[in-house]
Structures are given as C-alpha cells and as structure tokens.
Amino acid sequence: KGDVSSASAADTATILAASANDEMIVYASTAAGGIAAAAAGRMWKITDTLLSSDTATIDFTSIPQTFTHLKIIGSTRTDQAAAFDSVRCRVNDDSTADRHAFCRLLGFGGAAAGSDWVTDETSWIVSSSVGATAAASMFATFEMTIADYANTSKGPQFVSHNGASWGVAGSNINQDNWSGIFNTAGAVTRLTFFPRSGSNLADKTRITLYGIR
C-alpha cells in the first residue's frame, strides 16, 4: 500500500516503499530509482478553527514537535463593545506574570503613529482586531511566525503583522508590527488565543495553525 514504482535504468524496475504520513515524493538523482520521499520544504496545516458562535478562546493543544517553525494566520473580531480590540496569545498555558514580553510599531490612518512595549505580561498581544461596533463585515487579519519552536534551549520568540479596518474612512484603518519573547527556555506545545478586552472571539473568527519543515 502506497509503494511507488520507478526505474534505475532502462528496463530495470525499482520500488520506492511507502514512507511516513504527509511526506511527498521528490526527484533525487542519487536515489536508486531517481525519486525519494522527503518532508522538507513545505508548510503543513496542523489544525484550523472557524468559530460558529462567540467563543472565549481558540486553544491549540498538543502541538506536534515534528516541524521546524510555526506559522499562524488569523481573521479576527471580538465582542468588545467598541470598534477596536486586540488579540492575545498565551504560550503553554503559562500565566506567570513576567513570562511574556513584546513590543509594537504601529501605523494609523496611513501615517506612522508610534510604538509601545511591555516586559511583564501573562500573554502576548499578537494582533490588533475589530470589536462589536465595527461594521458587520469587518474583520482584522494577522500572520504570525514562531521560529524554531521545538527547541528546548531557547525562549520562544514571535513576530507578527496585522491589518485592522473598522470602517471605510482612512482613519479607520491601522497596521501593526509585533514581536516578543517568552522568557523561559522550552518548546512550544500549546498556544491559546483570546481577546484583550472583550469576553469572546466573535462568530466567524478563524485561526489556522501551520507547521513548516
């Protein structure tokens, strides 16, 4: 089951035995049959959550340790009674007061607006978002990377970029660049996303977790 036939020379058949789940076949001139199974060089979807109702958290548990980097892509809205909110992320369900540190560079209404930073939080802020009073179709989007997440000798670090629009005027749009560190060495095994101010992530919020090999 899953074996693939090829040839090592004219009229000389070989078989590439079935490999591990999710590996792919690549051309390899040094392999006997000219093909090989490989796991490198691809982004894999680990899990995808699309909310069908307002929900307090999106929680990715038992993250596989078999990838090199993590990529998270999200489309978010919260139930905060305002046009604007933010999305937080907690690493490994660790709410110790000084574990999460992060900073932000932001642009607002088409102009550079400033920066801020904190060093003693219980979670990161990884994206700006829209709240409940934004136009109904408005959602924010973000893309976040955690490099070398399974390395137990490092404090995991992230970078993310987001765009949030809560109206059609130029002053209703902002962009943010975030970065931060979890200041205790260890692999990332769990990521929990939740609003900064609201009680819930809103219906139709979607966050997808990918692994990169």
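1. A charge sits over a ring if NZ of Lys or CZ of Arg is within 6 Å of the ring centre and within 35 degrees of the ring normal. In this predicted model, Arg-77 lies over the face of Phe-139, at 5.9 Å from the ring centre. Arg-42 also has its charged end over a ring, that of Trp-44, with 3.9 Å to the centre.

2. The largest nonpolar core has 28 residues. Those that touch the most other members are Leu-70, Ile-72, Trp-124, Met-144, Ile-146, Leu-191 and Phe-193. Two or more residues come from each of strands E6 (58–60), E7 (69–76), E8 (84–91), E11 (124–130), E12 (140–146), E14 (173–182), E15 (191–195) and E16 (206–212). Another core, of 6 residues, lies apart from it; Val-130, Ala-134, Ala-164 and Trp-166 are among its members.

3. Leu-191 deserves a separate entry. Beyond its neighbours within four places in sequence, Leu-191 is in contact with Ile-58, Asp-59, Phe-60 and Ile-63, with Leu-70 and Ile-72, with Cys-89, Arg-90 and Val-91, and with Ile-146 and Leu-209.

4. The structure holds 5 aromatic pairs. One of them, Phe-60 with Phe-193, is edge-to-face, at 6.0 Å centre to centre and 70° between the planes. Phe-60 belongs to strand E6 and Phe-193 to strand E15, so this pair ties together parts 133 residues apart in sequence. Phe-60 is buried at 3% relative accessible area, and Phe-193 is buried at 0%. Ring pairs also bring Phe-142 into a cluster with Phe-60 and Phe-193.

5. Phe-102 and Trp-178 make a tilted pair, because their ring centres are 6.1 Å apart and their planes stand at 55°. Since Phe-102 is in strand E9 (residues 100–108) and Trp-178 in strand E14, the pair ties together parts 76 residues apart in sequence. Both Phe-102 and Trp-178 are buried.

6. On the cysteines: a search of the whole structure finds 0 disulfides. For Cys-89, the nearest cysteine sulfur is that of Cys-103, 16 Å away.

Notes: Residues are numbered from 1 along each chain as its sequence is written. This is a predicted model: local features need pLDDT of at least 70, side-chain atom pairs count only at pLDDT 80 or more; totals for chains, interfaces and linings use all residues. Side-chain values use heavy atoms; hydrogens and water are left out. A nonpolar core is a set of buried Ala, Val, Leu, Ile, Met, Phe, Trp, Tyr and Cys residues joined through side-chain atoms within 4.5 Å. Buried means under 20% relative accessible area, exposed over 50%, partly exposed in between (1.4 Å probe, protein chains only). Helices (H or I, at least four residues) and strands (E, at least two) are DSSP runs, numbered from the N terminus. Contact means heavy atoms within 4.5 Å. A disulfide is a pair of cysteine sulfur atoms within 2.5 Å. Rings of Phe, Tyr and Trp (its six-membered ring) pair if their centres lie within 6.5 Å; planes under 30 degrees apart count as stacked, over 60 as edge-to-face and the rest as tilted.
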